[in-house]
Amino acid sequence: MKLADNKATLSFSNGGPSVDLPVYQGTVGPDVVDIRKLYAQTGMFTYDPGFLSTAACQSAITYIDGDKGELLYRGYPIEQLATQCDYLDTCYLLLNGELPDAAQRGDFHKLVLHHTMVAEQMQFFLRGFRRDAHPMAILTGLVGALSAFYHDSTDINNPRHREIAAIRMIAKLPTLVAMAYKYGVGQPYMYPRNELSYAGNFLRMMFGTPCEDYVVNPVLERALDRIFILHADHEQNASTSTVRLCGSSGTNPFAAIAAGVACLWGPAHGGANEACLNMLEDIQAQGGISKVGEYMEKVKDKNSGVKLMGFGHRVYKNYDPRAKLMQETCNEVLAELGLENDPLFKLAKEVERIALEDDYFVSRKLYPNVDFYSGIVQRAIGIPVNLFTGVFALARTVGWIAQLNEMISDPEYKIGRPRQLYTGSVRRDIGAAK
Ligand code: CMC
């Protein structure tokens, strides 16, 4: 962190003493005002619910310029990573800061692809769930439960433990997500095959059965790999901040990542792709394309409480760069599967067309986000709607781990402990109320 030439001065209209606050510069992006000593100097806290203006940490992993619609992992534009690298290269980059050379690439791919199996006991643990349990409920449990199976990698303060836990989680998440799916549909679990690619292996564990050989379709394999790359990290969003906050207590890495899975489940975050598909299915059930206009009126009516799912973003006030790449993949997958005329996909295109022209969305800079298209692609591949967020969790695991490990290695790291503006009752006695 570099100290800027200027400083901030905070003064109060009641004539209290003003305070000078240091300003720091990042490599790109807004400077920050350091308020760490504010309470000691003034007896006041800052107030910023929703963290609209608060940087909770320094980080060198991911940079987003929301106005430009730019996303960089370790400095590399997402467009280059999505077209020139695969997901495991991206994982290596996020974890280590640099893209792997040929030897490192081979070693890393082998390391991840040879740790895909989970402890056999895991399937008995899974049996405790109802068959109709939401996969995210199952995943929250399974990821947390990894700490009960892998005792040798639970010390978050031990760099070697962190490294082993990282590989374990990246390698095993596809297996767990596929197990959650197979359990729900009552089919046998498919053990991973290490000779397949990360995405190919996931497709086989999802859609293969022991009754016949499964041939991986390269177009779907590439599409899935791209979904993974685009969801790998997104700086300090709700689930990543949850992982950091949870991990800041010194809890084990599996527990911290399970907290991220739980947070991701919400419809305003990772649950948006599921909510988006449910929304499209609702419109379809009400009459399809002819009802889009009516639905849009509801979305624009503030009293209806209805939002256009898959649109809008806290950070992007321009086209989400991931959405553009996902849109490309979406067209490729629909063409490969001959689904261009599927009514739901036509409906999605109509929603997109109207929203991109409507002044309500244009004036608020509400563009389709990555989840609008990733839901459509996943549905086309055959992934059930309630598993979409699980796939997102699988892909985001590496980002959560990279951010968690960065925090633990930061000498300035402290347990996270926000403060509050208390607005409840002042001290009172029970006797007086009786
Ligand atoms: N539909 C209708 N109106 C919207 C929407 C939407 N999807 N998103 C924002 N608005 C309106 C909002 O009501 C507000 O209007 P006004 O200024 O008249 O009060 C204005 O646009 C600004 O929105 P905001 O509420 O200040 O935006 P936010 O930063 O608090 O919320 C968001 C961001 C993602 C929670 C929100 O856009 C949303 O709920 N979108 C739908 C859910 C969704 O697709 N989420 C996935 C996000 S991308 C995946 C990820 O990175 O996790």
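First, a sorting rule for the linings on this tour: Ala, Val, Leu, Ile, Met, Phe, Trp, Tyr, Cys and Pro count as nonpolar, Asp, Glu, Lys and Arg as charged, and the others, Gly among them, as polar. This is a predicted model, so to speak of local features needs pLDDT of at least 70, side-chain atom pairs count only at pLDDT 80 or more, and totals for chains, interfaces and linings use all residues. Residues are numbered from 1 along each chain as its sequence is written, and side-chain values use heavy atoms, with hydrogens and water left out.

**Stop 1**

Select Cys330, Leu334, Phe345, Ala348, Lys349, Glu352, Phe372, Tyr373 and Ile376, which line the largest cavity. A cavity is a set of points, on a 1 Å grid over the protein atoms alone, where a 1.4 Å probe fits but cannot get out; lining residues have an atom within 4 Å of a point. By the sorting rule, this lining splits into 7 nonpolar, no polar and 2 charged residues. The cavity holds about 50 Å³ of space, a volume being the space filled by probe spheres set on the points, with grid points joined across faces, edges and corners.

Now colour helix H14 (321–336), helix H15 (343–357) and helix H17 (370–381), the elements that give two or more residues to this lining. Helices here are DSSP runs (H or I, at least four residues), as strands are (E, at least two), numbered from the N terminus. H15 gives the largest share, 4 residues.

**Stop 2**

Next, select Leu95, Glu163, Ile164, Ala166 and Ile167, the closest to the centre of the second largest pocket among its 17 lining residues. A pocket is an open set of grid points with protein on both sides within 12 Å along at least five of seven lines. This one has a volume of about 370 Å³. Which helix supplies the largest share of its lining? That is H7, with 6 residues. Helix H3 (87–96), helix H4 (102–113), helix H7 (159–185) and helix H18 (388–409) each supply at least two. The lining counts 9 nonpolar, 3 polar and 5 charged residues.

**Stop 3: the ligand**

Zoom to the ligand, which 20 residues surround (near means a heavy atom within 4 Å). The closest are His269, Lys302, Leu308, Arg314 and Tyr360. The shell divides into 8 nonpolar, 6 polar and 6 charged residues.

A polar side-chain atom of arginine 314 sits 2.7 Å from a ligand oxygen, and one of histidine 313 lies 3.1 Å from an oxygen atom of the ligand. On tyrosine 360, a side-chain N or O atom is 2.8 Å from a ligand nitrogen. The protein covers 75% of the 940 Å² of accessible area that the ligand has on its own (Shrake-Rupley method, 1.4 Å probe).

**Stop 4: the strands**

Go to strand E1 (residues 2–10) and strand E2 (residues 19–25), an antiparallel pair over 6 bridges; strands pair if DSSP finds at least two bridges between them. Lysine 7 stands opposite proline 22 in E2. E2 also runs antiparallel to strand E3 (residues 32–33), joined by 2 bridges, with tyrosine 24 partnering valine 32 in E3. In the hairpin of E2 and E3, pick glycine 29, which takes a positive phi near 90°.

Last, show the open sheet of 3 strands, ordered E4-E5-E6 with antiparallel pairing. Strand E4 (62–65) and strand E6 (76–77) are at the edges with a single partner strand each, so one side of each has no neighbour in the sheet. Finish on leucine 72, opposite proline 77 in E6.

Terms used. Polar contact = N/O pair within 3.5 Å; in protein donor to acceptor, adjacent residues only side chain to side chain.
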